[in-house]
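Please look through the model shown here before reading the points that follow. They are written for someone who is new to reading structures.

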Amino acid sequence: MREERFVINDRSWAIIEPLVPGTARDSGVTAKDTRLFLEAVLWRVRVGGPWRDLPPGFGEWNSVFRRFRRWAQDGVFERLFKAVSDDPDFEYVLIDGTIVSVHQKASGAKGGLSIRPSGARKAD
């Protein structure tokens, strides 16, 4: 793993760390390397590949995926997004249609959408 290519620098981590679950200040189990977990999630978002292709340096892909699902269901990522949305260092992390292409079936290929307006009037 080339840590110099990671996205979360120390300044950003200082903003994010208090917002994530499973740290030493929480009761219960302390999560193993939350910063590396977030790097794994960001790596997957940038690459766009399946969870199974996650490099081994990030840990077992299925463990990372299950943790990702828990955080998504608990709204952790929404809290993180709100906290860093004004941070210019994170502006390139956002993904939109200019970066990611949609699979042809998602865009209604081969004839477009199958739903057609019935009896729509033509404009005169």
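This is a predicted model: local features need pLDDT of at least 70, side-chain atom pairs count only at pLDDT 80 or more; totals for chains, interfaces and linings use all residues.

1. Residues are numbered from 1 along each chain as its sequence is written, and side-chain values use heavy atoms, with hydrogens and water left out.

2. The chain has four helices and zero strands, and its elements run α-α-α-α from the N terminus on. Helices (H or I, at least four residues) and strands (E, at least two) are DSSP runs, numbered from the N terminus. Of the 124 residues, 24% count as buried, where buried means under 20% relative accessible area, exposed means over 50%, and partly exposed lies in between (1.4 Å probe, protein chains only).

3. Contacts, here meaning heavy atoms within 4.5 Å, can also be sorted by separation in sequence. Among those between residues at least 6 apart in sequence, 57% join residues at least 24 apart.

4. Leaving aside neighbours within four places in sequence, Arg44 is in contact with Gly49, Pro50 and Trp51, and the C-alpha atoms of Arg44 and Leu54, ten residues apart in sequence, are 7.0 Å apart in space.

5. How do the axes of helix H3 and helix H4 cross? The axes of H3 (residues 61–74) and H4 (residues 76–84) come within 5 Å and cross at roughly 70°, which means that H3 is roughly perpendicular to H4. Axes are lines fitted to C-alpha atoms, for helices over the stretch in contact, and angles run from 0 to 180 degrees between N-to-C directions; angles under 35 degrees count as roughly parallel, over 145 as roughly antiparallel, 65 to 115 as roughly perpendicular and the rest as oblique. Phe68, Trp71, Ala72 and Asp74 of H3 make the contact with Val76, Phe77, Arg79 and Leu80 of H4.

6. The structure holds six aromatic pairs, counted when rings of Phe, Tyr and Trp (its six-membered ring) have centres within 6.5 Å, with planes under 30 degrees apart called stacked, over 60 edge-to-face and the rest tilted. Trp51 and Phe68 form a tilted pair, at 5.1 Å centre to centre and 50° between the planes, and this pair links distant parts of the chain, since Trp51 lies in the loop between H2 and H3 and Phe68 in helix H3, 17 residues apart. Trp51 is buried, with a relative accessible area of 10%, whereas Phe68 is partly exposed at 24%.

7. The rings of Trp71 and Phe77 have their centres 5.6 Å apart and their planes at 50°, so this pair is tilted. Trp71 is buried, with a relative accessible area of 4%, while Phe77 is partly exposed at 22%. Ring pairs link Phe37, Trp51, Phe65, Phe68, Trp71 and Phe77 into a cluster.
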